[in-house]
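Subject: Structure for you to look at

Dear colleague,

Here is the structure I said I would pass on, with its sequence. My notes on what was found in it follow below.

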Amino acid sequence: MTQTIRFLLARFPDYSIGDYWNQYIVDTYAWSVYFTYLFPVILIGYTALNISLLQDFLQQRREAQETAEAEAAKAAQEALALSATFLPKPIVPSSFLTYLKGKNLLGELDFPVNDVYYFTIEERFYYAELAKGRYMISKTLNELEAELDPSQFFRIKRDYIVNRQAVLNYAYWENGKYIVRVNTPEGHDIIVPRARMQEFREWLQGGQGPYATSDSFMLAT
């Protein structure tokens, strides 16, 4: 087909079947023609092959880069989601009283209210009982009852407010009264009327204080 087109273009308008057959058909298979077109054909084929290989390489590289970017973005999102679970929760300031100042014969002390076993009143003075000792405080029991966390502290009777964590157990005593034991270093018992014990029990059941009941354990004076 190529030789026919060359003949039509080159011999126009003097066409000859003999010239066409001898020069454009038979001579096409001669060695001279073969070597004439060999190098251009090889060059064109080699160039086309390398262009195709280069295109394939660039395509694969682009796909690999896109895959890597997608995996990196996914990993970053997973890391961000994971780190969010370890972020410190914001500290919400407590609306309840958390610290008190007290004093004794040796000096003054600022202490957390959760360190107090119980608050009490003696001879018109108010005290906080701690492991370090007894400290006189300026707040009344009424003020403390209003300002302390009610889930942590309970006014068990008129002259006592106890810390849930300090309640060891309670037991029936006599005449409808109970003894509530507080786990101070020396041990401390508080006599509580039956009428107050019902509310005290309900308060204890509202949380997980370290207490135990012992109605069967009878104490005598």
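Lys 103 has Met 136 of β5 opposite it. The two strands concerned, β1 (residues 99-104) and β5 (residues 133-137), are paired in the antiparallel sense over two bridges. Please keep in mind that this is a predicted model.

The pair belongs to an open sheet of seven strands, in the order β2-β1-β5-β4-β3-β7-β6, with antiparallel pairing. The edges are taken by β2 (107-112) and β6; each has a single partner strand, so one side of each has no neighbour in the sheet. Direction ignored, neighbouring strands of this sheet are turned by 35 degrees against each other on average.

Further along the sheet, β3 (residues 118-122) and β4 (residues 125-130) pair in the antiparallel sense over five bridges. They form a hairpin with two residues between the strands, and Glu 123 there takes a positive phi near 50 degrees. The strands β3 and β7 run antiparallel and are joined by three bridges.

Next, the helix α5. It covers residues 194-205, twelve in number, and at 1.5 Å a residue it should span 16 Å; the C-alpha atoms at its ends are 17 Å apart, which agrees. Which residues of α5 are buried? They are Met 197, Phe 200, Arg 201, Trp 203 and Leu 204. These cover an arc of only 160 degrees around the axis, which means that they lie on the same side of α5. Ala 195 and Gln 205, on the other side of α5, are exposed. As a general point, an α-helix has 3.6 residues a turn, so residues three or four places apart point the same way.

What do the buried residues of α5 pack against? Their partners are β6 (153-157), β7 (160-163), β8 (167-172), β9 (177-182) and β10 (188-193). The helix α5 lies across β6 and β7, and runs at about 165 degrees to β6.

On the cores: the largest nonpolar core has 19 residues, and those with the most contacts inside it are Ile 156, Val 162, Tyr 170, Val 180, Ile 190, Met 197 and Phe 200. Two or more residues each come from β6, β7, β8, β9, β10 and α5. The most are given by α5, with four residues. Not counting residues up to four places away in sequence, Phe 200 touches Phe 154, Ile 156, Val 162, Val 167, Tyr 170 and Val 180.

Gln 152 is in the loop between α4 (141-147) and β6. Is Gln 152 buried or exposed? Its relative accessibility is 16%, so Gln 152 counts as buried, the cut-off being under 20%. With neighbours within four places in sequence left aside, Gln 152 is in contact with Asn 114, Val 162, Asn 163, Arg 164, Gln 165 and Trp 203. Two of these have come up above: Val 162 is among the residues with the most contacts inside the largest core, and Trp 203 is one of the buried residues of α5.

Best regards

Note on methods:
Residues numbered from 1 in each chain as written. Predicted model: local features only at pLDDT ≥ 70, side-chain atom pairs only at ≥ 80, totals over all residues. Heavy atoms only, no water. Expected span 1.5 Å × (residues − 1). Buried < 20%, exposed > 50% of the residue type's maximum accessible area, 1.4 Å probe, protein only. Arc of directions from axis to C-beta. Contact = heavy atoms within 4.5 Å. Pairing = 2+ DSSP bridges. Axes fitted to C-alpha atoms, helices over the stretch in contact; angles between N-to-C directions. Core = buried A, V, L, I, M, F, W, Y, C linked by side-chain atoms within 4.5 Å.
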